[in-house]
2 protein chains.
Amino acid sequence: MRNGRGRVTLPSQKDFLNETKELMERWGADAIRDSDGTKLDDDIKQLDAKIYTTYFVARGHNDFAEKHMEECQQLYLMSQFNTAHNEELKIDFMKGYFEEQLKPDYVHDPKVYWEVIDRTTGKVVDIDNWSVNKQDNSVTITNAIPWHEYTVSFLVYAIWDPTQMYNHITNDWGDTPHDIPFDVRQPNSNKYMKDYLSQWLKENPDTDVVRFTTFFYHFTLVFNNLGKEKFVDWFGYGASVSVAALDAFEKEKGYRLRPEDIVDQGYYNTSFRIPTKAFLDYMDFVQKFVAEEARKLVDIVHESGKEAMMFLGDNWIGTEPYGEYFKNIGLDAVVGSVGGGATLRMIADIPHVRYTEGRFLPYFFPDTFYEGNNPVIEANENWLTARRAILRNPVDRIGYGGYLSLAYKFPDFVSYIESVTDEFREIYDTIHGVEPYSGLKVAILNSWGKLRTWQTHMVAHALWYKQIYSYLGILESLSGADVDVVFISFDDVINNGVPDDVDVIINAGDAGTAFSGGHYWTNEKLVTTIRSWIYNGGGFIGVGEPTAYQHEGHYFQLATALGVDKELGFSLSTDKYFVTPVNEHFITKDSQSFDFGEGMKNIYALSEKTEILEYSDGEVHLASGSFGQGRTVYIAGLPYSEENTRLLMRSLYYAAQKEEAFYRWHSSNIYCEVHVYPAIGKAAIVNNSMEEQTTMIYNGQGKAKEVKLAPSEIRWEVFSDEGEFADRD
Amino acid sequence: MRNGRGRVTLPSQKDFLNETKELMERWGADAIRDSDGTKLDDDIKQLDAKIYTTYFVARGHNDFAEKHMEECQQLYLMSQFNTAHNEELKIDFMKGYFEEQLKPDYVHDPKVYWEVIDRTTGKVVDIDNWSVNKQDNSVTITNAIPWHEYTVSFLVYAIWDPTQMYNHITNDWGDTPHDIPFDVRQPNSNKYMKDYLSQWLKENPDTDVVRFTTFFYHFTLVFNNLGKEKFVDWFGYGASVSVAALDAFEKEKGYRLRPEDIVDQGYYNTSFRIPTKAFLDYMDFVQKFVAEEARKLVDIVHESGKEAMMFLGDNWIGTEPYGEYFKNIGLDAVVGSVGGGATLRMIADIPHVRYTEGRFLPYFFPDTFYEGNNPVIEANENWLTARRAILRNPVDRIGYGGYLSLAYKFPDFVSYIESVTDEFREIYDTIHGVEPYSGLKVAILNSWGKLRTWQTHMVAHALWYKQIYSYLGILESLSGADVDVVFISFDDVINNGVPDDVDVIINAGDAGTAFSGGHYWTNEKLVTTIRSWIYNGGGFIGVGEPTAYQHEGHYFQLATALGVDKELGFSLSTDKYFVTPVNEHFITKDSQSFDFGEGMKNIYALSEKTEILEYSDGEVHLASGSFGQGRTVYIAGLPYSEENTRLLMRSLYYAAQKEEAFYRWHSSNIYCEVHVYPAIGKAAIVNNSMEEQTTMIYNGQGKAKEVKLAPSEIRWEVFSDEGEFADRD
């Protein structure tokens with residue numbers, strides 16, 4: 001069943017013309033890209049396909065950069081903590097940093113741009129009480145207070161692009177020159193980036209799509225003295241900082257940033273930190289600038305008759321696709337890496353572009369494509385998780401990266417991708433532009449709101465961390481579920497209330513993080529708005545430590561509504577009688593057992609009104625409550641799995657008081673789902689597992705039929721206005 | 001091997017003369033007591049034994065109390081949290097309370113003594129904005145802010161003594177009158193307590209020891225509307241509160257307490273709360289008063305030629321044996337219930353009395369003494385844990401409680417106690433007044449210090465709670481270990497530094513509790529004092545969340561010294577490389593496996609300097625660090641066991657840098673211990689288990705011999721000045 005051609009991008013490489021042609025044919029590819037470390041031959045560029053060419057704006061031009069080292073990118077760094085043993089304290093502030101990447105900025109006066117902080121008191125040390133030794137990169141504090149801890153916040157030049165540095169070190173590139181990142185906020189760099197692009201466009205007539213990888217500022221990636229990763233924040237604005245930026249910020253916002261506004265006690269404003277006003281202002285300032293400058297490049301690309309595509313990663317800082325200024329960039333497309341359903345939606349939902357593209361896994365690298373390994377398994381898993389999300393909102397294209405020659409050696413893989421590309425096109429052609437059926441609307445509530453759409457609880461892009469997987473499961477589950485999802489911030493609620501069409505709010509995260517909310521939960525407006533909203537019929541789901549902030553007798557500030565709170569020791573003297581789970585409940589109807597991931601300790605039910613759904617080890621891990629006309633659900637943690645997806649869906653429909661709607665379009669088997677498209681009278685019944693599944697399928701009118709689905713199968717059904725399934729399409 | 005007679009107290013009862021005589025003989029008892037629900041016959045009182053008689057000061061005199069209901073004891077209570085849905089909010093403030101125990105105080109003007117608090121903002125509601133309805137016990141707030149939560153703090157009269165209430169309800173005493181507790185701060189009650197005692201002493205010529213059970217104010221014990229325990233705090237000052245007390249406090253301390261100073265957001269200042277200045281003042285005020293008044297009763301007892309003994313429990317509030325004023329009471333003795341080693345030391349270490357007595361388990365009640373059960377097991381466990389502590393500092397007497405007739409039916413039990421009483425006397429006669437060998441001195445550091453000696457992390461007396469057992473193990477381990485133990489407070493350190501002779505400080509507890517210290521760890525003096533002390537060679541052991549308070553880049557404020565911190569999400573972007581345990585370490589030399597109890601999540605090592613001793617589930621649970629000349633140890637939790645006792649001992653000796661001393665007097669087998677008494681040249685080798693054990697015993701000079709010990713055996717050895725063991729004594 002070949003559906004034809006298109007919507008697929010293939011990586012290619014030197015001396016691989018015939019195989020490229022063959023795979024183009026089999027996978028129906030209509031675009032060819034280069035990759036890190038691959039270049040396309042001219043004859044490949046002449047194939048009947050769009051040509052994507054990777055383009056670096058602010059790196060890879062050492063001939064320019066070396067002449068303008070004063071325009072290097074900069075970072076604010078914090079030294080280690082140093083304990084004063086007497087009144088003099090010498091701090092080796094570069095200790096632990098990688099000198100091949102980072103060089104102290106002695107061009108600008110440290111007394112103006114650096115900060116020495118007494119971390120015992122939090123006070124800034126007077127500039128008269130410290131001095132810098134440029135020879136050994138040290139700061140010496142005089143009049144230190146013995147046994148206080150001190151740090152130095154200092155400016156450095158970044159002299160090595162982090163992505164190239166990573167590849168260079170990982171692949172042992174020897175004496176390959178280090179790409180020097182330059183700052184387009186600087187006059188020469190700014191001019192150069194435009195001039196060079198114009199020239200490059202002329203020199204690359206075969207390029208159809210300029211694949212910006214990416215624009216100006218890399219996410220924060222700092223290496224340690226051993227040349228290994230020391231700090232990585234995929235959202236980090238660290239590399240956007242410079243003296244020029246600080247000065248421009250002051251001009252634009254009317255006040256000056258302190259180093260501490262960036263350094264943030266060494267936490268560097270990661271997205272887990274509740275953002276300060278100063279940092280939000282700084283992000284806004286950078287986003288505005290990046291959008292303005294990127295627009296200029298995009299305009300140049302357009303003038304040359306080519307398309308501008310942005311890679312969502314690497315030097316993407318400030319582009320924030322869900323931010324205020326993204327639309328101003330005027331991009332044609334965004335391409336990003338798809339790790340699963342949530343990352344697919346992060347790409348597919350991006351507004352203000354003509355198309356989006358997902359780069360699927362596995363990457364054609366030797367870590368997967370080695371003899372004895374079966375790359376089909378990873379491809380199948382990646383496709384199944386992504387497909388759920390595609391069925392909610394498809395990316396417009398899919399593609400792969402790496403060495404095509406590696407993949408070519410695995411014929412089963414080539415066949416499998418042939419079926420995937422066909423399946424993708426069939427899905428896309430069927431549902432593109434068609435609104436999928438949604439049973440309810442859920443809002444994820446945290447400090448970031450819309451800006452971090454599908455991007456909550458992430459550290460490095462799509463990597464597993466012990467502290468996040470129990471929350472990431474929420475996004476992954478939602479990414480392919482028949483619910484609408486929006487992301488709202490505390491400030492949204494404070495300023496505008498809860499959006500009218502939201503059925504359920506989810507607040508999920510560890511106490512004190514931006515995702516749970518910390519001190520926001522003492523904001524009177526926030527608390528009363530949500531309390532009244534629930535009381536009047538809203539649904540609220542808390543995961544982990546929702547609404548947590550110790551204040552006036554509660555740890556969970558919405559404890560009264562949630563029906564549970566966390567025991568911190570203060571209320572041990574109060575007897576906890578409510579420990580008996582209810583016998584049966586809508587939420588747990590499909591649950592044979594529970595996996596709360598990291599879970600949460602010491603949660604207890606407040607009264608007999610709380611329905612305990614799971615109690616073990618002396619703790620509540622799952623409960624539902626009622627508050628006025630509204631309902632609440634507490635979940636200790638929700639790592640991604642089919643079981644937990646079902647648990648979350650039931651929780652949502654229960655909290656929204658739409659239990660009947662839950663069964664409208666429904667698969668009795670948790671490994672299968674029904675995606676419905678009312679406007680075209682079609683439904684996709686999918687088997688999300690790699691085993692055969694049998695399930696009862698409910699047709700929207702309460703009528704059911706049994707269906708047997710092959711491993712990973714997607715089956716399209718048409719249904720009449722009465723909701724009757726017709727024969728298979 | 002009969003060692004004779006004495007130091008043992010027997011409970012007796014009516015119609016049990018001959019059996020009492022027989023058991024007196026077999027157990028060597030020299031004192032006889034009554035118990036709750038038992039009275040002694042006259043012929044028993046004529047036996048050759050001291051007679052203890054239970055005496056209630058402020059309850060059990062309803063003929064008086066009923067005439068002076070205005071002198072009933074009082075409490076401040078907090079209502080439930082109530083959400084305002086509009087501007088009027090009616091609060092049923094007695095909801096959830098037991099009306100047979102508690103009655104709102106309408107004698108004193110609620111507008112003066114009550115407080116309505118907006119728990120959303122923490123602000124007190126103006127008294128013009130609420131009114132009380134005495135008919136239905138409600139408060140109605142006008143001008144409430146919709147969706148704010150409100151509570152009422154109100155005064156009640158306590159009209160039923162909690163201990164009698166508990167016994168009454170538990171044993172179904174039907175229409176037995178309820179004991180009304182009266183307040184000796186009131187004029188009539190104060191006069192009555194003295195007059196009645198004088199009269200009672202005359203009427204009870206056979207009583208040798210007046211066993212005060214206890215003085216004036218019961219620990220806080222409040223029942224719910226179902227007649228079950230709602231709130232229990234063995235340290236709670238709740239029942240000491242009254243209008244009279246509040247007025248006297250103002251006079252003495254120069255300021256007035258707010259209801260909130262007592263109610264404390266509904267946490268009622270349990271010992272897990274970091275005490276406020278106001279609450280510390282209030283405790284001081286009550287302790288002073290209680291000591292003064294109790295002294296009067298003790299004087300009356302002494303004038304009659306009898307002894308005054310205090311039961312450590314029930315109405316013990318304000319007597320605080322380790323407090324400022326205890327010595328002023330002038331008691332002859334304290335008796336308390338022994339749940340294990342820590343509670344034994346809590347009694348045995350009490351200063352300013354002539355003797356102490358431990359009431360051992362099991363209590364002679366049908367819950368243990370029923371057909372088919374073997375009470376010897378509980379007795380043996382109780383004895384083994386207590387014996388460890390006795391070998392450090394013996395109580396002067398042991399005793400039992402309950403129905404002797406029940407115990408008499410179990411001949412194996414009678415025999416077992418015969419051996420226990422003999423063993424106790426042998427130990428006592430051998431080591432009483434002899435200082436045991438200590439290898440080092442450890443200070444437990446928390447908010448309470450000396451006042452809560454052997455009383456940290458306790459909720460209800462010696463009960464198991466999920467949130468405390470991982471810390472209580474520290475005290476239990478220490479209670480029988482060859483180390484000196486002192487309890488110091490943060491204020492002690494701030495005002496006086498670390499005592500000179502302390503080798504190791506332990507800070508143990510959950511973040512924010514009085515035991516960990518919360519905001520104290522931002523106190524510059526505290527932090528610098530301890531930092532410098534460690535740096536100059538001190539040892540510091542943190543258990544659970546030591547020194548925890550999020551501030552200036554650390555969660556553990558002594559993270560730099562401890563070498564570990566807890567990941568709250570803020571520093572996820574920082575790579576954690578230090579995950580590999582060391583191969584071998586002094587601390588873990590006897591550890592086959594680990595049990596950290598509740599443990600602690602997300603602890604990570606800060607640098608390669610930290611020696612990780614246990615790493616699992618992506619977390620550090622045991623580590624040691626160095627800081628200057630000092631050493632630190634981190635332990636995730638330490639429930640009591642022989643393994644963990646050994647782990648703690650090794651941690652202490654390691655932190656103190658006295659590893660060699662650890663082996664001086666030493667048992668290779670963790671189930672055995674060596675207690676040494678240099679002044680008399682003797683050592684007790686004990687088998688703390690109920691199985692036979694073989695162990696190498698080191699004799700203080702590095703010489704070892706193998707010893708086989710019978711289950712539970714204690715073996716005395718004499719040793720020469722050269723440390724040679726002689727033959728068995």
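## Where the chains meet

The contact (heavy atoms within 4.5 Å) draws 61 residues from chain B and 62 residues from chain A. Between them, the two chains bury about 5500 Å², 51% of it on carbon and sulfur atoms; buried area is the accessible area (1.4 Å probe) that two parts lose on being put together, summed over both. In chain B, the residues that lose the most area to chain A are Trp147(B), Glu552(B) and Phe570(B), together 15% of what that side buries.

This is a predicted model: local features need pLDDT of at least 70, side-chain atom pairs count only at pLDDT 80 or more, and totals for chains, interfaces and linings use all residues. Residues are numbered from 1 along each chain as its sequence is written, chains are lettered from A and ligands numbered from 1 in the order in which they are written, and side-chain values use heavy atoms, with hydrogens and water left out.

## Salt bridges

Ten salt bridges are found across the interface of chain B and chain A, each a side-chain nitrogen of Lys or Arg within 4 Å of a carboxyl oxygen of Asp or Glu. One salt bridge joins the side chains of Glu598(B) and Lys601(A), at 2.9 Å, N to O.

## The domain in the record

In an unreviewed entry, UniProt lists residues 6–437 of chain A as "domain: Lacto-N-biose phosphorylase-like N-terminal TIM barrel"; such annotations may be inferred rather than shown by experiment. Over residues 6–437, chain A is 34% helix and 19% strand, where helices (H or I, at least four residues) and strands (E, at least two) are DSSP runs. The end C-alpha atoms of residues 6–437 of chain A are 27 Å apart.
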